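Trainee: I would like to go through this protein with you. May we begin with its pockets and then turn to the overall fold?

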Amino acid sequence: MISNYTAIEGQSFRYWILLGVLGGFFLLGLGAFIYMEVYGHGVSNMTNQVVWGTPHVFAISLLVMASGALNLASMATVFAAKQYKQFRRFSAFLAIVLLVGGLSVLLLDLGRPDRLLLTMIHMNFRSMFTWNVFLYSGFTVLCFLYLWSMFEHEKYVKIAGSAAFAGRLILTTGTGSIFGVIHAREVFYSAITAPSFIAVSLTSGTSICLMLLVATFHYTSRPMDMRLVHGMRNMLTFFTLLVFYLFVIEKFTKYYAPAYYDVESWILAGPYSTLYWGGVIALGLLAPLVILFNPRSGNTLGGIMAAAALSILGEFAFVAHTLIAGQAYPLQLFPGHDISSIFLDGQSAVYSPSLVEILLGLGGVALAGILYLLGIRFFRLLPKKAEAPDEWHPWSP
């Protein structure tokens with residue numbers, strides 16, 4: 001069933017145009033970084049209340065998506081779904097390039113990234129940020145080992161793939177815990193925040209794999225069995241329902257506690273409620289589910305691709321709402337104590353993204369895209385023909 005792997009030729013006019021466009025966005029992102037480095041973060045719209053802005057939305061979205069991009073490889077190696085075995089190399093490589101794109105944005109937005117070595121020497125092991133340094137680097141190493149075993153030593157694939165699967169769960173838990181453990185930020189603080197990040201990584205990772213596979217096979221004239229697309233559609237449907245379930249549980253749990261009435265009412269009807277209802281709920285959850293469960297749209301390639309694209313937009317909206325709304329809500333410096341001051345007590349912060357922040361974020365996306373295009377050209381990551389077993393028939397709406 002599994003065809004031979006080959007690299008794409010990468011000689012077409014469309015390939016070079018796409019590479020050029022992504023290169024242009026990458027240079028704009030690099031220019032934005034230099035501009036912020038020279039003139040300081042004052043040129044952005046980030047403040048001492050909203051210190052994580054649009055670049056962080058791009059960075060964390062890419063990091064969460066990187067974890068989910070390993071879905072197909074994990075399905076084949078850990079859960080023995082042999083129809084996805086042919087996509088293991090693609091899946092592990094995509095996880096690495098998305099991770100590189102996200103970490104690049106995060107690094108360049110730090111302010112004085114040349115001093116990064118100091119933070120590596122003087123680590124605070126009571127901070128989730130310190131632990132995430134090890135999680136990001138560890139996950140990258142595990143993905144490389146996984147790829148190496150697939151290329152050179154198939155007998156180690158099971159071990160390397162299982163380790164990478166565990167690594168991705170720990171990585172996304174660490175990313176979600178950056179927010180979920182901050183008691184002073186009532187929007188963030190929840191035991192379900194980390195599992196929600198894992199679930200969102202599953203939807204966005206499956207979506208980006210689906211879109212890139214369909215596009216790559218189409219533009220390189222490689223045959224792809226439509227049943228494989230339907231199988232990934234079913235995965236996306238299940239993962240979207242899982243996200244929906246976790247969101248409902250979180251809201252139910254928080255609304256059950258009188259201490260969270262004010263913050264939950266602010267989320268659902270406050271200044272960032274449009275982002276929550278429109279971006280997270282309508283765009284990221286309801287619209288994809290309506291498309292995928294409809295027999296007319298859910299069985300067509302166009303409908304499935306639209307649902308995947310909406311899921312990715314929903315992921316960005318979820319991360320943006322978590323970060324921006326979470327910081328904009330009035331901060332409780334000492335939870336459980338009555339403390340007052342004359343400095344912004346009880347006031348919500350106002351934030352809108354600036355052009356320089358958007359360009360920096362898009363630069364990271366472009367870098368991931370460039371690495372992907374170069375990867376499929378120089379390495380044997382994709383099969384000549386994507387086939388499914390004859391006896392395998394995925395469910396259809």
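**Pockets and fold**

Mentor: Please keep in mind that this is a predicted model. The second largest pocket holds about 770 Å³ of space.

Trainee: Which elements give two or more residues to the lining of that second largest pocket?

Mentor: They are α2, α4, α5 (116-121), α6 (128-151) and α7 (157-180). Helix α6 provides the largest share of that lining, six residues.

Trainee: And how many residues line the second largest pocket, and which lie nearest its centre?

Mentor: The lining comprises 26 residues, and Leu106, Leu110, Leu116, Phe129 and Val133 are the ones nearest the centre. Sorted by class, 15 are nonpolar, 10 are polar and one is charged.

Trainee: What is the volume of the largest pocket?

Mentor: Its volume is about 1000 Å³. A total of 34 residues line the largest pocket, with Leu18, Leu212, Ala215, Tyr372 and Leu373 nearest its centre.

Trainee: What is the make-up of that lining by class?

Mentor: The lining of the largest pocket has 25 nonpolar residues, six polar ones and three charged ones.

Trainee: Which helix gives the most to the lining of the largest pocket?

Mentor: That is α14, with seven residues. At least two residues each come from α1 (13-39), α2 (54-69), α4 (88-108), α8, α13 (301-328) and α14 (355-378).

Trainee: Let me change topic to Ser201. Where is its place, and is Ser201 buried or exposed?

Mentor: Ser201 sits in helix α8, which covers residues 193-219. Ser201 counts as buried because its relative accessible area is 0%, and the cut-off for buried is under 20%.

Trainee: Which residues does Ser201 touch, leaving out those up to four places away in sequence?

Mentor: Ser201 is in contact with Val64, Ser67, Gly68, Arg168, Thr172 and Thr206.

Trainee: Now the whole protein. How many helices and strands are there?

Mentor: The protein has 14 helices and two strands. Its radius of gyration is 21 Å, close to the 21 Å given by the globule rule for 397 residues, so the protein is as compact as a globular protein of that length. Along the principal axes, the C-alpha atoms fill a box of roughly 70 × 45 × 40 Å.

Trainee: What share of the residues counts as buried?

Mentor: Of the 397 residues, 53% count as buried. The accessible surface comes to about 18400 Å², and carbon and sulfur atoms account for 69% of that surface.

Trainee: What about contacts between residues 24 or more positions apart?

Mentor: Such pairs make up 81% of the contacts with a separation of 6 or more.

Technical notes. Residues are numbered from 1 along each chain as its sequence is written. This is a predicted model: local features need pLDDT of at least 70, side-chain atom pairs count only at pLDDT 80 or more; totals for chains, interfaces and linings use all residues. Side-chain values use heavy atoms; hydrogens and water are left out. Helices (H or I, at least four residues) and strands (E, at least two) are DSSP runs, numbered from the N terminus. Buried means under 20% relative accessible area, exposed over 50%, partly exposed in between (1.4 Å probe, protein chains only). Contact means heavy atoms within 4.5 Å. On a 1 Å grid over the protein atoms alone, a cavity is a set of points where a 1.4 Å probe fits but cannot get out, and a pocket is an open set with protein on both sides within 12 Å along at least five of seven lines; lining residues have an atom within 4 Å of a point. Grid points are joined across faces, edges and corners, and a volume is the space filled by probe spheres set on the points. Ala, Val, Leu, Ile, Met, Phe, Trp, Tyr, Cys and Pro count as nonpolar, Asp, Glu, Lys and Arg as charged, and the others, Gly among them, as polar. The radius of gyration is taken over C-alpha atoms; the globule rule is 2.2 Å times the number of residues to the power 0.38. Accessible areas come from the Shrake-Rupley method with a 1.4 Å probe; for residues, only the protein chains shown count as cover.
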